[in-house]
Amino acid sequence: MPLLEAESLTKVFRRPDKGPGLKGAVRHLVQRRYSEHVAVDGVDLAVEAGEAVAYVGPNGAGKSTTVKMLSGILVPTSGSVRVAGLVPHQHRVENARRIGVVFGQRTQLWWDLPVQDSLALLRDMHGIGPRRYAETLERLDAVLELADLLPVTARKLSLGQRMRADLAAALVHEPSIVYLDEPTIGLDIAVKDRVRAFVRQIVADGTTVMLTTHDLGDIEDICRRLVILDGGRVVYDGDLQAVKDAYARDRVVHLTLAEPLASTSGIAARIPAARVADGASDREVTVTFDRLAVSAVEVLAAASAEAEVVDVRIDEPAIEDVVRKVYSGELRPSPQAGP
Ligand SMILES: Nc1ncnc2c1ncn2[C@@H]1O[C@H](COP(=O)(O)OP(=O)(O)OP(=O)(O)O)[C@@H](O)[C@H]1O
């Protein structure tokens, strides 16, 4: 049985219909009108224990609303949801024991307390015994390097330090499922790498992770499965690599030559399936090709036959291209058939 299961999960919000300006607000007081907005529209989702799933979509797609229903904060309008066999909004306390939530843009630490006091409060709220708490903290410290942060009040932490402390706060009760919402937002590359490595580690240890992010690097680093939501509906649910194979196949090879080349037409003639163009300088050439039709070795051989190649750099196709196309409406993958 999947650890997390949603069937036809739907959330409809009622929004006040106000006219513009003060006049509209006053009129609304007298004659209230509402319209309905379907934020999540019949979502089916099954996530197995130990999976890392990226749950992505443009602004307003319904990601946070789904996560709120999964964590029991919101009651679905229709459809069903179960997390570890429980209906989250009917068993909020038990559900909270099994889940951890990290919002990159908000903190669950008590702002004016030292981190160690926030963690101790969470320990007491979850009823964690002293021995288990000490062991968990030691494990978290080994990867998140918490020791220096523990005596500092949350308000004095840098963003990166705060994120490490927040991850510890979300995981101190060893939840089996963790919802991460923009966990690396605003972090510098080094801290981002550390947070991603940490999340990979908890997944390897068996924690189920559901990641909501606009940072596609997070997705590539952490998840093998991608669920794309658009307008409240799942438009793709499948393997990340399969999406790349189907939609992000263009690879770019950047070649640096020993001498400037008068024309790239000789290279182009040897690999007709590729697009050959001048690079950033007169000694550079870029070759763009479908990686399933042409290999990088063929590109290198073609270039070497025409000129002396002194350096090579390859840009792999990025999931970013696919997701960007979905967001812009250029691509509509089918949820049933996959890409
Ligand atoms: N409490 C609410 N009342 C009315 N409408 C809401 C409420 N919460 C969310 N919505 C609307 O539901 C839709 C989905 O919102 P949601 O926050 O789930 O999107 P999201 O995919 O998480 O977006 P983002 O990437 O911007 O965080 C949006 O149109 C939003 O305006």
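Which element supplies the largest share of the shell around the ligand?

Tutor: The largest share of the shell around the ligand comes from α2, which gives 3 residues. Residues are numbered from 1 along each chain as its sequence is written. The model is predicted, and local features need pLDDT of at least 70, side-chain atom pairs count only at pLDDT 80 or more, and totals for chains, interfaces and linings use all residues.

The ligand is surrounded by Phe-13, Arg-15, His-37, Ala-39, Gly-57, Asn-59, Gly-60, Ala-61, Gly-62, Lys-63, Ser-64 and Thr-65; a residue is near a molecule if its C-beta atom, placed from the backbone, lies within 6 Å of it. By class, the shell holds 3 nonpolar, 7 polar and 2 charged residues. Here Ala, Val, Leu, Ile, Met, Phe, Trp, Tyr, Cys and Pro count as nonpolar, Asp, Glu, Lys and Arg as charged, and the others, Gly among them, as polar.

At least two shell residues each are supplied by β1 (4-16), β2 (34-47) and α2 (63-70). Helices (H or I, at least four residues) and strands (E, at least two) are DSSP runs, numbered from the N terminus. Both of these strands belong to an open, antiparallel sheet of 3 strands in the order β2-β1-β4, where pairing requires at least two DSSP bridges between two strands. From one strand to the next, the twist averages 30 degrees. The antiparallel pairing of β1 with β4 extends over 5 bridges, and Thr-10 has Ser-78 in β4 as its bridge partner.

The helix α2 lies across β1, β2 and β4 and runs at about 115 degrees to β1. Contact means that the C-beta atoms of two residues, placed from the backbone, lie within 7 Å; axes are lines fitted to C-alpha atoms, for helices over the stretch in contact, and angles run from 0 to 180 degrees between N-to-C directions.

Over residues 4-256 the chain is 38% helix and 29% strand. An automatic or database assignment of domain bounds divides the protein into domain 1 (49-245) and domain 2 (249-316), with C-alpha centres 43 Å apart.

A further open sheet has 4 antiparallel strands in the order β11-β12-β10-β13. Its edge strands are β11 (275-278) and β13 (309-315), each pairing on one side only. Helix α11 (residues 296-306) packs on this sheet, touching β10 (250-257), β12 and β13, and its direction makes about 150 degrees with that of β13.
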